[in-house]
Amino acid sequence: MNPDVNGDAAINADARAWLAALAPYRKPSTFRSAIEIVITAVPFAALWTLAALAAINGWWWGLLLTIPAAGFLIRLFILQHDCGHGSLFGRRSTNDWTGRTIGVLTLTPYDYWRRSHAIHHATAGNLDQRGIGDIETLTVGEYRALSRWGRTRYWLYRHPVVMFGLGPAWLFICQYRLPIGFMRAGALPWVSTIATNLGIAVPVACLIWLMGLGPFLMVQLPITLMAATGGVWLFYVQHQFEETHWSEGEEWNFQRAALHGSSHYDLPAVLHWFTGNIGIHHVHHLSSKVPFYRLPQVLRDHPKLRDIGRITFWESLRCVKLVLWDEKARRLVSFREARAAA
(Lines give C-alpha, C1' and ligand atoms only; values in the text may rest on other atoms or scores of the structure.)
Protein backbone atom coordinates (compact mmCIF):
# COMPACT_ATOMS: atom_id res chain seq x y z
CA MET A 1 0.00 0.00 0.00
CA ASN A 2 1.11 3.58 -0.71
CA PRO A 3 2.93 4.86 2.40
CA ASP A 4 1.54 8.35 1.75
CA VAL A 5 -1.97 6.95 2.07
CA ASN A 6 -1.05 5.36 5.41
CA GLY A 7 0.46 8.65 6.55
CA ASP A 8 -2.61 10.66 5.57
CA ALA A 9 -4.90 8.19 7.33
CA ALA A 10 -2.84 8.44 10.52
CA ILE A 11 -2.88 12.26 10.42
CA ASN A 12 -6.64 12.36 9.82
CA ALA A 13 -7.27 9.87 12.63
CA ASP A 14 -5.08 11.96 14.94
CA ALA A 15 -7.04 15.11 14.06
CA ARG A 16 -10.35 13.38 14.80
CA ALA A 17 -8.95 12.15 18.12
CA TRP A 18 -8.02 15.71 19.05
CA LEU A 19 -11.54 16.86 18.17
CA ALA A 20 -12.97 14.37 20.67
CA ALA A 21 -10.43 15.42 23.31
CA LEU A 22 -11.53 19.06 23.04
CA ALA A 23 -15.20 18.34 23.71
CA PRO A 24 -15.00 18.95 27.52
CA TYR A 25 -13.72 22.51 26.98
CA ARG A 26 -16.63 23.68 24.85
CA LYS A 27 -19.03 24.81 27.60
CA PRO A 28 -18.79 28.57 28.32
CA SER A 29 -19.07 30.21 31.73
CA THR A 30 -21.65 33.01 31.67
CA PHE A 31 -20.00 34.78 34.62
CA ARG A 32 -16.50 34.53 33.12
CA SER A 33 -17.71 35.75 29.74
CA ALA A 34 -19.48 38.73 31.32
CA ILE A 35 -16.35 39.63 33.27
CA GLU A 36 -14.25 39.44 30.09
CA ILE A 37 -16.62 41.93 28.42
CA VAL A 38 -16.44 44.34 31.36
CA ILE A 39 -12.65 44.27 31.72
CA THR A 40 -12.34 44.94 27.99
CA ALA A 41 -15.10 47.46 27.28
CA VAL A 42 -14.60 49.66 30.37
CA PRO A 43 -10.84 50.28 29.85
CA PHE A 44 -11.48 50.91 26.15
CA ALA A 45 -14.13 53.54 26.95
CA ALA A 46 -11.88 55.11 29.60
CA LEU A 47 -8.87 55.32 27.29
CA TRP A 48 -10.99 56.74 24.47
CA THR A 49 -12.42 59.40 26.78
CA LEU A 50 -8.99 60.39 28.13
CA ALA A 51 -7.57 60.58 24.62
CA ALA A 52 -10.52 62.75 23.58
CA LEU A 53 -9.95 65.13 26.49
CA ALA A 54 -6.29 65.34 25.52
CA ALA A 55 -7.19 66.14 21.90
CA ILE A 56 -9.69 68.82 22.91
CA ASN A 57 -7.19 70.54 25.21
CA GLY A 58 -4.21 70.23 22.87
CA TRP A 59 -2.32 67.78 25.07
CA TRP A 60 -0.84 65.87 22.14
CA TRP A 61 1.08 63.46 24.32
CA GLY A 62 -2.30 62.18 25.50
CA LEU A 63 -2.94 60.75 22.05
CA LEU A 64 -0.47 58.00 22.94
CA LEU A 65 -3.45 56.52 24.78
CA THR A 66 -4.85 55.54 21.38
CA ILE A 67 -2.24 52.74 21.24
CA PRO A 68 -3.56 50.71 24.21
CA ALA A 69 -7.10 51.69 23.18
CA ALA A 70 -6.47 49.96 19.84
CA GLY A 71 -5.34 46.88 21.75
CA PHE A 72 -8.60 46.81 23.70
CA LEU A 73 -10.54 47.28 20.46
CA ILE A 74 -8.83 44.19 19.03
CA ARG A 75 -9.88 42.30 22.15
CA LEU A 76 -13.46 43.53 21.70
CA PHE A 77 -13.36 42.10 18.19
CA ILE A 78 -12.27 38.73 19.61
CA LEU A 79 -15.28 38.83 21.95
CA GLN A 80 -17.51 39.54 18.97
CA HIS A 81 -15.73 36.72 17.11
CA ASP A 82 -16.56 34.25 19.89
CA CYS A 83 -20.18 35.39 19.83
CA GLY A 84 -20.24 34.54 16.13
CA HIS A 85 -19.15 31.00 16.96
CA GLY A 86 -21.71 30.72 19.77
CA SER A 87 -18.91 30.12 22.26
CA LEU A 88 -19.09 33.17 24.56
CA PHE A 89 -22.51 32.34 26.05
CA GLY A 90 -24.70 29.27 26.16
CA ARG A 91 -27.72 30.91 24.51
CA ARG A 92 -27.55 31.83 20.85
CA SER A 93 -29.66 34.96 21.31
CA THR A 94 -27.27 36.25 24.01
CA ASN A 95 -24.31 35.65 21.72
CA ASP A 96 -26.01 37.35 18.78
CA TRP A 97 -27.13 40.51 20.57
CA THR A 98 -23.81 40.85 22.37
CA GLY A 99 -22.02 40.46 19.04
CA ARG A 100 -24.28 43.01 17.34
CA THR A 101 -23.66 45.54 20.10
CA ILE A 102 -19.90 45.09 20.02
CA GLY A 103 -20.06 45.36 16.22
CA VAL A 104 -20.92 49.04 16.55
CA LEU A 105 -17.59 49.63 18.31
CA THR A 106 -15.57 47.44 15.93
CA LEU A 107 -17.33 48.88 12.83
CA THR A 108 -18.20 45.30 11.86
CA PRO A 109 -21.79 44.26 10.96
CA TYR A 110 -22.12 41.12 13.04
CA ASP A 111 -24.50 38.96 10.98
CA TYR A 112 -22.75 39.80 7.71
CA TRP A 113 -19.33 39.03 9.20
CA ARG A 114 -20.55 35.87 10.95
CA ARG A 115 -21.79 34.38 7.69
CA SER A 116 -18.56 35.03 5.79
CA HIS A 117 -16.48 33.79 8.72
CA ALA A 118 -18.50 30.57 8.93
CA ILE A 119 -17.66 29.94 5.27
CA HIS A 120 -14.00 30.54 6.08
CA HIS A 121 -14.09 27.91 8.82
CA ALA A 122 -15.92 25.40 6.63
CA THR A 123 -13.51 25.76 3.69
CA ALA A 124 -10.13 26.74 5.21
CA GLY A 125 -7.27 25.04 3.40
CA ASN A 126 -9.52 23.87 0.54
CA LEU A 127 -8.07 24.85 -2.83
CA ASP A 128 -11.43 24.22 -4.48
CA GLN A 129 -13.30 26.72 -2.29
CA ARG A 130 -11.31 29.90 -1.97
CA GLY A 131 -12.58 33.47 -2.10
CA ILE A 132 -14.97 34.14 0.80
CA GLY A 133 -13.76 35.09 4.26
CA ASP A 134 -10.11 34.43 3.53
CA ILE A 135 -7.02 36.05 2.03
CA GLU A 136 -6.77 35.49 -1.71
CA THR A 137 -4.01 32.94 -2.32
CA LEU A 138 -3.06 31.64 -5.75
CA THR A 139 -1.09 28.53 -6.60
CA VAL A 140 2.17 28.90 -8.50
CA GLY A 141 0.51 27.44 -11.59
CA GLU A 142 -2.44 29.83 -11.40
CA TYR A 143 -0.11 32.79 -11.03
CA ARG A 144 1.99 31.78 -14.02
CA ALA A 145 -1.15 31.43 -16.13
CA LEU A 146 -2.21 35.04 -15.47
CA SER A 147 -1.70 37.89 -17.88
CA ARG A 148 0.89 40.54 -17.05
CA TRP A 149 -1.86 42.75 -15.63
CA GLY A 150 -3.24 39.85 -13.60
CA ARG A 151 0.17 39.20 -12.08
CA THR A 152 0.61 42.90 -11.32
CA ARG A 153 -2.79 43.06 -9.65
CA TYR A 154 -2.00 40.05 -7.46
CA TRP A 155 1.47 41.44 -6.65
CA LEU A 156 -0.10 44.72 -5.54
CA TYR A 157 -2.75 42.91 -3.50
CA ARG A 158 -0.11 40.90 -1.64
CA HIS A 159 2.25 43.86 -1.13
CA PRO A 160 2.65 44.62 2.62
CA VAL A 161 1.62 48.28 2.13
CA VAL A 162 -1.70 47.15 0.67
CA MET A 163 -2.20 44.02 2.77
CA PHE A 164 -1.49 45.65 6.14
CA GLY A 165 -2.06 49.34 5.37
CA LEU A 166 -4.61 50.25 2.74
CA GLY A 167 -6.41 46.92 2.93
CA PRO A 168 -7.45 47.01 6.61
CA ALA A 169 -8.58 50.64 6.28
CA TRP A 170 -10.69 49.78 3.24
CA LEU A 171 -12.15 46.68 4.91
CA PHE A 172 -13.32 48.25 8.17
CA ILE A 173 -14.13 51.77 7.00
CA CYS A 174 -15.60 51.11 3.53
CA GLN A 175 -16.25 47.45 2.69
CA TYR A 176 -18.14 46.65 5.88
CA ARG A 177 -20.60 49.45 5.12
CA LEU A 178 -22.21 47.25 2.43
CA PRO A 179 -22.72 43.45 2.49
CA ILE A 180 -20.36 42.87 -0.42
CA GLY A 181 -20.40 39.24 -1.50
CA PHE A 182 -23.81 38.56 0.04
CA MET A 183 -26.07 40.66 -2.15
CA ARG A 184 -28.27 37.62 -2.84
CA ALA A 185 -28.03 35.99 0.57
CA GLY A 186 -31.33 37.30 1.88
CA ALA A 187 -32.27 40.23 4.08
CA LEU A 188 -30.17 39.47 7.17
CA PRO A 189 -26.78 40.73 5.89
CA TRP A 190 -28.49 43.92 4.68
CA VAL A 191 -30.39 44.45 7.94
CA SER A 192 -27.24 43.77 9.98
CA THR A 193 -25.16 46.17 7.90
CA ILE A 194 -27.71 49.00 7.88
CA ALA A 195 -28.42 48.61 11.61
CA THR A 196 -24.69 48.65 12.40
CA ASN A 197 -24.19 51.72 10.21
CA LEU A 198 -27.01 53.54 12.04
CA GLY A 199 -25.60 52.38 15.38
CA ILE A 200 -22.27 53.90 14.38
CA ALA A 201 -23.68 57.11 12.88
CA VAL A 202 -25.71 58.25 15.89
CA PRO A 203 -22.92 58.23 18.55
CA VAL A 204 -20.40 59.53 15.99
CA ALA A 205 -22.66 62.48 15.18
CA CYS A 206 -23.13 63.21 18.89
CA LEU A 207 -19.39 63.02 19.60
CA ILE A 208 -18.53 65.29 16.68
CA TRP A 209 -21.14 67.78 17.91
CA LEU A 210 -19.65 67.69 21.42
CA MET A 211 -15.92 67.77 20.64
CA GLY A 212 -15.61 68.85 17.01
CA LEU A 213 -14.64 66.93 13.89
CA GLY A 214 -10.89 67.46 14.24
CA PRO A 215 -10.44 66.11 17.78
CA PHE A 216 -12.82 63.21 17.03
CA LEU A 217 -10.80 62.12 13.99
CA MET A 218 -7.52 62.53 15.88
CA VAL A 219 -8.75 59.96 18.39
CA GLN A 220 -10.91 57.60 16.37
CA LEU A 221 -8.85 57.25 13.20
CA PRO A 222 -5.60 56.06 14.86
CA ILE A 223 -7.51 53.60 17.04
CA THR A 224 -9.46 52.22 14.08
CA LEU A 225 -6.47 51.98 11.76
CA MET A 226 -4.13 50.41 14.34
CA ALA A 227 -6.76 47.89 15.43
CA ALA A 228 -7.69 47.08 11.82
CA THR A 229 -4.06 46.49 10.87
CA GLY A 230 -3.47 44.36 13.96
CA GLY A 231 -6.58 42.31 13.25
CA VAL A 232 -5.67 41.68 9.62
CA TRP A 233 -2.12 40.77 10.62
CA LEU A 234 -3.41 38.18 13.10
CA PHE A 235 -5.76 36.70 10.52
CA TYR A 236 -2.93 36.61 7.98
CA VAL A 237 -0.40 34.84 10.20
CA GLN A 238 -2.97 32.30 11.35
CA HIS A 239 -3.06 30.70 7.90
CA GLN A 240 -0.26 32.20 5.78
CA PHE A 241 2.78 30.40 7.18
CA GLU A 242 5.24 28.20 5.33
CA GLU A 243 4.18 24.77 6.59
CA THR A 244 0.44 25.40 6.41
CA HIS A 245 -1.85 22.84 4.79
CA TRP A 246 -3.82 23.17 1.55
CA SER A 247 -5.43 20.39 -0.44
CA GLU A 248 -8.22 19.79 -2.92
CA GLY A 249 -10.87 17.30 -3.93
CA GLU A 250 -11.26 14.19 -1.80
CA GLU A 251 -7.86 14.81 -0.24
CA TRP A 252 -9.25 17.78 1.73
CA ASN A 253 -10.38 16.93 5.24
CA PHE A 254 -11.86 19.41 7.72
CA GLN A 255 -10.05 18.12 10.81
CA ARG A 256 -6.69 17.87 9.11
CA ALA A 257 -7.01 21.30 7.50
CA ALA A 258 -7.99 22.81 10.85
CA LEU A 259 -5.16 21.24 12.82
CA HIS A 260 -2.36 21.63 10.28
CA GLY A 261 -3.61 24.57 8.20
CA SER A 262 -3.84 26.95 11.15
CA SER A 263 -0.89 28.20 13.16
CA HIS A 264 -0.10 28.28 16.85
CA TYR A 265 1.08 31.89 17.02
CA ASP A 266 3.11 31.77 20.21
CA LEU A 267 3.03 35.37 21.42
CA PRO A 268 4.19 36.93 24.71
CA ALA A 269 1.59 36.65 27.47
CA VAL A 270 0.48 40.30 27.32
CA LEU A 271 -0.15 40.04 23.57
CA HIS A 272 -2.03 36.78 24.05
CA TRP A 273 -4.31 38.64 26.47
CA PHE A 274 -4.99 41.57 24.14
CA THR A 275 -5.59 39.22 21.21
CA GLY A 276 -7.90 36.93 23.15
CA ASN A 277 -5.63 33.88 22.66
CA ILE A 278 -6.62 33.83 18.99
CA GLY A 279 -3.03 32.82 18.24
CA ILE A 280 -3.94 29.32 19.46
CA HIS A 281 -5.66 29.11 16.15
CA HIS A 282 -5.23 25.45 15.30
CA VAL A 283 -7.22 24.53 18.41
CA HIS A 284 -9.81 27.18 17.61
CA HIS A 285 -10.32 25.88 14.06
CA LEU A 286 -10.52 22.31 15.25
CA SER A 287 -13.22 23.18 17.79
CA SER A 288 -14.54 26.73 17.40
CA LYS A 289 -17.00 26.26 20.29
CA VAL A 290 -14.16 26.40 22.82
CA PRO A 291 -14.32 29.89 24.47
CA PHE A 292 -11.20 31.96 23.93
CA TYR A 293 -10.35 31.99 27.65
CA ARG A 294 -10.15 28.17 27.70
CA LEU A 295 -7.69 27.83 24.83
CA PRO A 296 -4.59 28.18 27.08
CA GLN A 297 -6.00 25.44 29.32
CA VAL A 298 -6.20 23.15 26.31
CA LEU A 299 -2.47 23.64 25.66
CA ARG A 300 -1.64 23.07 29.33
CA ASP A 301 -3.63 19.84 29.42
CA HIS A 302 -2.44 18.62 26.01
CA PRO A 303 1.23 19.67 25.57
CA LYS A 304 1.51 17.88 22.20
CA LEU A 305 -0.64 20.60 20.66
CA ARG A 306 1.93 23.28 21.51
CA ASP A 307 4.32 22.32 18.72
CA ILE A 308 1.79 21.82 15.92
CA GLY A 309 2.09 24.78 13.54
CA ARG A 310 3.99 26.81 16.13
CA ILE A 311 5.54 30.08 15.02
CA THR A 312 7.00 32.83 17.19
CA PHE A 313 6.57 36.56 16.68
CA TRP A 314 9.97 36.93 14.99
CA GLU A 315 9.34 33.91 12.78
CA SER A 316 5.98 35.36 11.77
CA LEU A 317 7.64 38.42 10.21
CA ARG A 318 9.11 36.16 7.53
CA CYS A 319 5.62 35.04 6.55
CA VAL A 320 4.97 38.34 4.79
CA LYS A 321 6.93 37.19 1.73
CA LEU A 322 4.99 33.91 1.40
CA VAL A 323 2.41 34.61 -1.30
CA LEU A 324 1.92 31.52 -3.52
CA TRP A 325 1.04 27.90 -2.82
CA ASP A 326 3.52 25.51 -4.43
CA GLU A 327 1.47 22.40 -5.16
CA LYS A 328 4.58 20.28 -5.77
CA ALA A 329 6.51 21.31 -2.67
CA ARG A 330 3.21 21.59 -0.71
CA ARG A 331 4.17 24.80 1.03
CA LEU A 332 3.83 28.54 0.63
CA VAL A 333 6.61 30.25 -1.30
CA SER A 334 7.66 33.77 -2.22
CA PHE A 335 7.53 35.35 -5.67
CA ARG A 336 11.32 34.98 -5.85
CA GLU A 337 11.17 31.26 -5.07
CA ALA A 338 8.44 30.79 -7.69
CA ARG A 339 10.55 32.56 -10.32
CA ALA A 340 13.63 30.51 -9.40
CA ALA A 341 11.65 27.27 -9.72
CA ALA A 342 10.41 28.34 -13.15
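**View 1. Burial across the predicted model.** Of the 342 residues in the protein, 47% are buried (under 20% relative accessible area, with exposed over 50% and partly exposed in between; 1.4 Å probe, protein chains only). This is a predicted model, in which local features need pLDDT of at least 70 and side-chain atom pairs count only at pLDDT 80 or more, while totals for chains, interfaces and linings use all residues. Residues are numbered from 1 along each chain as its sequence is written, and side-chain values use heavy atoms, with hydrogens and water left out.

**View 2. The pair of Trp48 and Phe216.** The structure contains 17 aromatic pairs (rings of Phe, Tyr and Trp, the last by its six-membered ring, with centres within 6.5 Å; planes under 30 degrees apart are stacked, over 60 edge-to-face and the rest tilted). Trp48 and Phe216 make a tilted pair, with 6.0 Å between centres and 50° between planes. Because Trp48 belongs to helix α2 (residues 30-56) and Phe216 to helix α10 (residues 213-237), the pair ties together parts 168 residues apart in sequence (helices are DSSP runs of H or I, at least four residues, numbered from the N terminus). Trp48 is buried at 9% relative accessibility, and Phe216 is buried at 6%.

**View 3. The pair of Phe72 and Trp273.** Phe72 is buried, at 10% relative accessible area, whereas Trp273 is partly exposed at 32%.

**View 4. An aromatic cluster.** Phe77, Tyr112, Trp113, Phe172 and Tyr176 together form one aromatic cluster.

Definitions and conventions. Helices (H or I, at least four residues) and strands (E, at least two) are DSSP runs, numbered from the N terminus.
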